[in-house]
Every structure is written in structure tokens, then in C-alpha cells.
Amino acid sequence: QRQTNMTSSKTIVLEFGGGLEALFSDAKSLSVTPPADIQSLGKLITWVRDHLITARHDMFVSGDALRPGVLVLVNDVDWELEDTVNYRFAGGDRIAFISTLHGG
Amino acid sequence: QRQTNMTSSKTIVLEFGGGLEALFSDAKSLSVTPPADIQSLGKLITWVRDHLITARHDMFVSGDALRPGVLVLVNDVDWELEDTVNYRFAGGDRIAFISTLHGG
Amino acid sequence: RPTMSTPLPPSSVERYSRQLLLPTFGVRAQTKLQTSRALIVGCGGLGSPALLYLAGAGVSVLGLVDRPHDVVDRSNLHRQIAHADARVGQSKVASAAAAARALNPHVVIETHAEFVARNAVELVSTYHVVLDCTDNVAARYLVSDACAAAKVPLVSGAAIGMEGQLTVYCAGADTPCYRCVFPAPPPPSCVGSCDAAGVLGPVPGVIGTMQALEALKLLGGIEKTTTLRRKLLLFDAADSAFRTVKLRPRARECPACGDEPSIEVARFAYEAFALGRDGKAPVGGVTVEAPAANA
Amino acid sequence: RPTMSTPLPPSSVERYSRQLLLPTFGVRAQTKLQTSRALIVGCGGLGSPALLYLAGAGVSVLGLVDRPHDVVDRSNLHRQIAHADARVGQSKVASAAAAARALNPHVVIETHAEFVARNAVELVSTYHVVLDCTDNVAARYLVSDACAAAKVPLVSGAAIGMEGQLTVYCAGADTPCYRCVFPAPPPPSCVGSCDAAGVLGPVPGVIGTMQALEALKLLGGIEKTTTLRRKLLLFDAADSAFRTVKLRPRARECPACGDEPSIEVARFAYEAFALGRDGKAPVGGVTVEAPAANA
Ligand SMILES: [Zn+2]
Ligand SMILES: [Zn+2]
């Protein structure tokens, strides 16, 4: 199911939590196929900002970077263990964006 | 990862819960490779009874059948949806035996 | 904040404001809660958090029942957080009622003396949801059969040792009852109890709190949520791990909830059945009553 | 049943018998609990079930702290089940202490007037585990920094709306602190609170109860269990779904828990930091104090 061709576009699943789903019409998960030149998580973030979000961009990014307080998970693993913005995703990957909660 | 050859032996994961893990040295999960003639869940149950359990067989079976109060799950799905004892397992399958709890 | 057109009285607006503010819940669900009746069978480890959160949320009527004459024991208190050291020896249902009233005096508490085969169907029929917080096999079949007969959704929780289980039965045409999933009771030698095997307090705590959550979703009819119908939640407290598995649909031939049910709850011998005998043919024609239990 | 050689007094044997019977817990863990000190920061939606289950289980000393002069509000009661309608307007810490004592009079309750940058490290240093049950960004960095400095394990819970999160920080050389995972605070415009966004009671209920479970595992040192070190539990109450994800290890360069920590907790300006300013260089040299919070 994982595609190995590194230059074709890949279908991945985006997941949202901690309130970020509000930016995506309350979708907790979205299947998307970014264009073939979007291969890394860094580029994926700007692509999501530019193509999937219509309002409250500040909830997702600060400029080109993810805003502080959002945890990124690659198949349920913290992206710090996966080279963060440099991670090259594969078809079938689940990339989650979870905002940290502070209430109690 | 799923093996398609129907006559070779297959490696599957057995999972135990609700107290049944006590029959398996407190292992909540065991990777096993039953012999090639064990292909169905019905035969798997008698094989587990005869080869993996050393005491308290009554906690697992009543004769050749599973004892009442044990739920069988094939990859997290109730075996009633998978033809119960007739289900032919594939390599990589997770077969769970969960005893129902009554306490509160 | 809800508008002035809400039918909620001002005192409710203050008390329930954090639910009213919640888009998923809001005035619509709160208004439904204000006319909702919930029955908790068993006021022990599961029932304690369940009754506190349901009372706090503002159900209209909270029914409480446990074994007749059961009292608060000191060994209950590590997990049965609705009770109190000063109420050891008092009636368990009365102690639970006191706890619910102390949190929210606006909830009407109905206490029942017993939950037995004779009165079970009649009792559950007057409620919109039932929570099975019992602790024994006979009671679990009785509660489920009664809910199947009365077609009342049942939120069923269980906990022992370091494990918990939770599902919703009898909630819709394709949702099974307890008997659909477990047609025959386990051999008595295979049944554990918290009194014999022990339990860590937060284990029924998590499951009982989740039972309140499921009940609130059912009663509030809140959109954009799903309940654990046809799903069983498995909780492994030793590893703080949860897992949800898919359950079979309702069995059309089920003797309790099927298309032609054959069980007459008031005449079924639940304790005999739990011991492996035929519940439909009690010895000597005498029906053995199944006590509701506390855990 | 424990043997007579146990150091537990007879009253404990009765009260804690269901934990003593539990093979996973038993006399060994109970004995450790009897000398254990746990601190709960925030006596609100998370702190309520956490303090009840820790008191019930029999920790030796339970420390409680919240915002100075914070009182029980009627809008707290739907989720803050340790409080009571009759205690609306009373000190929240005093009300929480009363609830813990009512369940288990043998637990020593220590209440603290405030949890601020000035006293945080000293305060947490005397405890074996700390539970973060606060409700705001500044308090979360303060609690974590104090636990990092004092090397005390931190069970961190959070809940809002229909979602909860839970992990264990500062528990061993490879376990991160809050700042390792979230080096910079979110923009204030992105931060929700239960008071503004609402919350359903059982959501902090489940997370707070799980915090007690994690604390009991840490304090009891019980074998054959794992805690949520380097794991984050995500709870979606709308679908009653749980998920556990893997977190990064401790960052050696972390200013709070790294090999050469640079943050001096008592002089760090937590409220300014939470607003996006430099916490190490408070305006005018005046340290702004971060209040502990209740949720
Ligand atoms: Zn049925
Ligand atoms: Zn750190």
C-alpha cells in the first residue's frame, strides 16, 4: 500500500485534533493527494495552509512554520523522531496535527 | 505480510484479555506458528488447548468448544462477523480471546 | 451564552453554563437532559462516578438501585467515591442519593428497594437509559433482558483487577443485547469478582465515568458524536491502553431481543441460569430472584 | 489476604483490602503508598477525581493547591465532582480537602495557599509525584519547570470541550518535560479555556481519573505495568475513542530539564512568557507570578 516511487504524487491521510479540526470543516481526518512536488512535511505544511485552510491561518502556522503548540505525528510517532520538516512522506502515511490542550 | 499460500503454516498473533492471559504465563500477546494442518479458528482453539495451556483448561474450553463468556476477535472484529470456527486465518492475523468481565 | 428564548431556568444557565457553551452539547442537548430519566443499577465502583457525573450534568431524574439492604462497607471506599467514611454501615442507595443531591440539589433522585426479575421490566420502562453498574453474572443478564424487553438503551460497564470493558446494548434495531453476544453464561468457576480478585479504584472509575459520557450522548441526542453501539471498549489499566473492537449485530433469533423473544423476564430464574441451569424451567416452579449488585 | 507480617495497620487491611488482594498491587505497593506524598495542582475538573481516587487508595500525604482565594462556583459543579452545592463560595482548596477527608480520614491533607514561581520548586521537592490539573498555559510551564528542576515525576492531564490529553513528564533520564515537547507557548489567540469554550463533565473526569491511575503506578512502583512516559494518550469523547502516540525523548539542550538547564524557576516570568514575551527578562526586572489554576 505504501508507494515507493519518490516523484509521483502520494495519497496520505491528514488527521486533526485539539481544536484544529475546526479549520477543516470539523473533519477529524482527510484523505489528500498533494501535487508531486510536495514530498516533505515542511512543504506539506505550507501546502495545507495555502490550499486547505480558508480562515484563521494563525491557528495553524506562523509564516511558513507550524505555530507553537501543535504536535505533529507521523503514523502516531512524534515527528521529532522522524526528522521533522524533512520527513519525506510515503503513500498511506497518516500525518496528524494535534493542538496541545490547556484546560482542565 | 499476509501469506496467501493456504497450505503452509502461518505465523499469527494470539491476544488474551479479561483474565485469560493467566493461562499463558500472563502474556497478553503471543506470536505463534501452528502446524500447516491448523487453518481454521475451530482447529486453532483445540491446538491452543493442547499445546499452549498447561493448567485450568476449563478457563478456555468446554470439550472441543470455546467456553461460554469468551469473545473471539479477528483483527479486532467479533468472529461472528467472520464465520466463527470456520474462519481460515492468514499470516499476520491477530486473534484475540477476551473473557467478559462481570465486576464493577 | 444561550439566548433568553431558552426554556432553561436562570439557575440552570449558571449551573450548566460550561455544557451550554460547548457547541457539541449546547442548549439543545441540555434541554433534552432536563426531561431525561436515567437509571443506575448498582451504586458501587462503576455507579459512583456515573451517578456523580449524571447528577452534575443535570438529568431530570436519576434512579438508583442496589441489592436490598446492602450497606456501605469500609472496603468499598477506595473505589466507590460517591460514599463516605461517615456513611459506613448506611444503606448504599441512600448514601449514593446523598452524594448526588449534595452535588446537584435540582436533580430528582428516585431510589428503589430492589431490582429483581419480578419488577425489572416495569422499572426500566420508565427510564430513557439504564446503566449496568452491577457486579455479577445473574444481574447482568437480568438488566439486559429487561432493557431488551422494554427497548431501553443500556450502557454496560464492567471492571475487575486492572481491566475494564464498556459497550452500549439495545440501542437501535441492529444493536445487540448482552445475550446476543453471550448466549450462555460462563462456568461459575471462571467468574471473578472484585471482592475476591481485587481491583484498583481508577479502573471502575474510568469505566463508570465513560458510562456517564455514553448516557449523556444518548440522552442529549447530540450530533457529530457516536456511541459505543456495536463497539466494545477494552481498557487495560496496567498499560493505560484502550482498544475498540467491533461487535456482531442483534441476533434475530435472540431469546431476549430477537424478532420472537421467548424469555419472560419476571419468570426467568436468573441465579439458576448463572449457575448453568435452565432459567426457563426453575426447579419446583419457584423463580429464584436475581439480586442487583454493587461491585 | 495479606499475612500478619505486613506492616499495614489492621484498619488499613480492611480499607484497602481490594487493592491488597490484587496481585498486580498487593501489600508491596500498598506499603509504598503508605509513605508516599502526592501533590495535586488545581482542584477543578481534573483534580476532583484525581484527589478522590488518590485519597481512597491511601497515599500517606495528599497536597492540594489552587489559585489563591479561588472559590467554588456553581458553574464548576457539573464536572468538579469533589465539591458540593453547599460549598459554593467556599475556598476551593478547603472544599477539596473536605472531600478527600470525607472519603478517607486517614490521609494527611496538606493545603497550600499558592503555587507560584517563587515557591514552586521548594513545594514540589517534598512530594514523590505531582499531578498537573491546571487550566492555563503559564501554570503548565511553571509546574513542569518546577518538576524538572526538582526531578519529580509529573502526571500531566488536560481537557477541554470533548477532548482530553494525558502524559507523564520528568520520570527518568529519557522522559521529556513539557518544555521539551512544547519549547514555545502557543499564541494567546489559539488558547481555549473550559470557561470560554465549554467542556462536558466526564471528559476531565476520565483524564483526571487516569492521572490518579498513573500516579498510583508511579508511587506503588508496581511491576508488570507501564506508565505513559514518552507516550501521549489522546481521548476523543465525541466518539469515545482513545489513541496513544509516541513522544520524543528528553532534549539534552532543554532549558528546563536538559544537561545544562538555564531557567531559574523563581525568577522566570511565566505569565509574560505565556503571552509571547521573554520569560527570562521580565520588564522592569519585576517577576510576574503565574497563578496555579483550577479548570
Ligand atoms: Zn439479544
Ligand atoms: Zn525538558
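Where in chain C is the place of R230(C)? R230(C) sits in the loop between α10 and β7 (231–236) of chain C. This report starts there and then moves through the rest of the predicted model.

R230(C) has a phi near 60°. That is a positive value in a residue other than glycine. R230(C) has a relative accessibility of 18%. It counts as buried because the cut-off is under 20%.

S240(C) is found in the loop between β7 and β8 of chain C. Its phi is near 50°, again a positive value in a residue other than glycine. S240(C) has a relative accessibility of 1%, so it counts as buried.

## The zinc site in chain C

Which residues hold the zinc ion (ligand 1)? Four cysteines coordinate it through their SG atoms: C177(C), C180(C), C254(C) and C257(C). The distances run from 2.2 to 2.3 Å. Along the sequence, the donor residues are spaced C-x2-C-x73-C-x2-C. The site links distant parts of the chain, as the pair C177(C) and C254(C) shows, 77 residues apart. C177(C) lies in the loop between β6 (163–169) and α8 (178–181) of chain C. C254(C) lies in the loop between β8 (241–246) and α11 (270–274) of chain C.

Four donors count as tetrahedral if all angles lie between 85 and 135 degrees. For comparison, the ideal angle for four tetrahedral donors is 109.5 degrees. C177(C) is buried, with a relative accessible area of 0%. C254(C) is buried too, at 3%.

## The zinc site in chain D

Chain D supplies the donors for the zinc ion (ligand 2). They are C177(D), C180(D), C254(D) and C257(D), each through SG. They lie 2.2 to 2.3 Å from the ion. The spacing along the chain is C-x2-C-x73-C-x2-C.

The 4 donor atoms around the zinc ion (ligand 2) subtend angles of 92 to 121°, so this arrangement is tetrahedral. Both C254(D) and C257(D) are buried.

## Where chains C and D meet

Which chains share the most contacts? Of the 5 pairs of chains in contact, the answer is C and D. Chains A and B, by contrast, have no contact joining them. Their closest C-alpha atoms lie 11 Å apart.

Helix α10 (residues 202–220) of chain C packs against α10(D). The angle is about 170°, and the axes are 9 Å apart. That makes α10(C) roughly antiparallel to α10(D). From α10(C), the contact includes P202(C), G205(C), V206(C) and T209(C). From α10(D), it includes M210(D), A212(D), L213(D) and L216(D). By class, this contact has 12 nonpolar, 4 polar and no charged residues.

## A crossing inside chain D

Helix α10 (residues 202–220) of chain D also packs with helix α3 (residues 26–33) of chain D. Here the angle is about 95°, with the axes 8 Å apart. That makes α3(D) roughly perpendicular to α10(D).

In α3(D), the residues are A29(D), K32(D) and L33(D). They meet L216(D), L219(D) and G220(D) in α10(D). By class, the contact has 4 nonpolar, 1 polar and 1 charged residues.

## Two buried loop residues in chain D

F182(D) lies in the loop between α8 (178–181) and α9 (194–197) of chain D. At 6% relative accessibility, F182(D) counts as buried. What does it touch, leaving aside its neighbours within four places in sequence? F182(D) is in contact with G69(A), L71(A), T100(A), Y141(D) and Y169(D). F182(D) and Y141(D) are 41 residues apart in sequence, and their C-alpha atoms are 9.3 Å apart in space.

N136(D) is in the loop between β4 (129–132) and α7 (137–150) of chain D. N136(D) is buried, with a relative accessible area of 18%.

## A helix in chain A

Helix α1 (residues 41–51) of chain A has several buried residues, including L41(A), L44(A), I45(A) and W47(A). What covers the buried residues of α1(A)? The cover includes strands β1 (12–17), β2 (29–32) and β5 (70–74) of chain A.

Notes:
Residues are numbered from 1 along each chain as its sequence is written. Chains are lettered from A and ligands numbered from 1 in the order in which they are written. This is a predicted model: local features need pLDDT of at least 70, side-chain atom pairs count only at pLDDT 80 or more; totals for chains, interfaces and linings use all residues. Side-chain values use heavy atoms; hydrogens and water are left out. Donors are N, O and S atoms within 2.8 Å of the metal (3.2 Å for Na, K and Ca); water is not among the atoms, so sites may look incomplete. Helices (H or I, at least four residues) and strands (E, at least two) are DSSP runs, numbered from the N terminus. Buried means under 20% relative accessible area, exposed over 50%, partly exposed in between (1.4 Å probe, protein chains only). Axes are lines fitted to C-alpha atoms, for helices over the stretch in contact, and angles run from 0 to 180 degrees between N-to-C directions. Angles under 35 degrees count as roughly parallel, over 145 as roughly antiparallel, 65 to 115 as roughly perpendicular and the rest as oblique. Contact means heavy atoms within 4.5 Å. Ala, Val, Leu, Ile, Met, Phe, Trp, Tyr, Cys and Pro count as nonpolar, Asp, Glu, Lys and Arg as charged, and the others, Gly among them, as polar. Four donors count as tetrahedral if all angles lie between 85 and 135 degrees; four count as square planar and six as octahedral if opposite donors are over 155 degrees apart and all others between 65 and 115; anything else is irregular.
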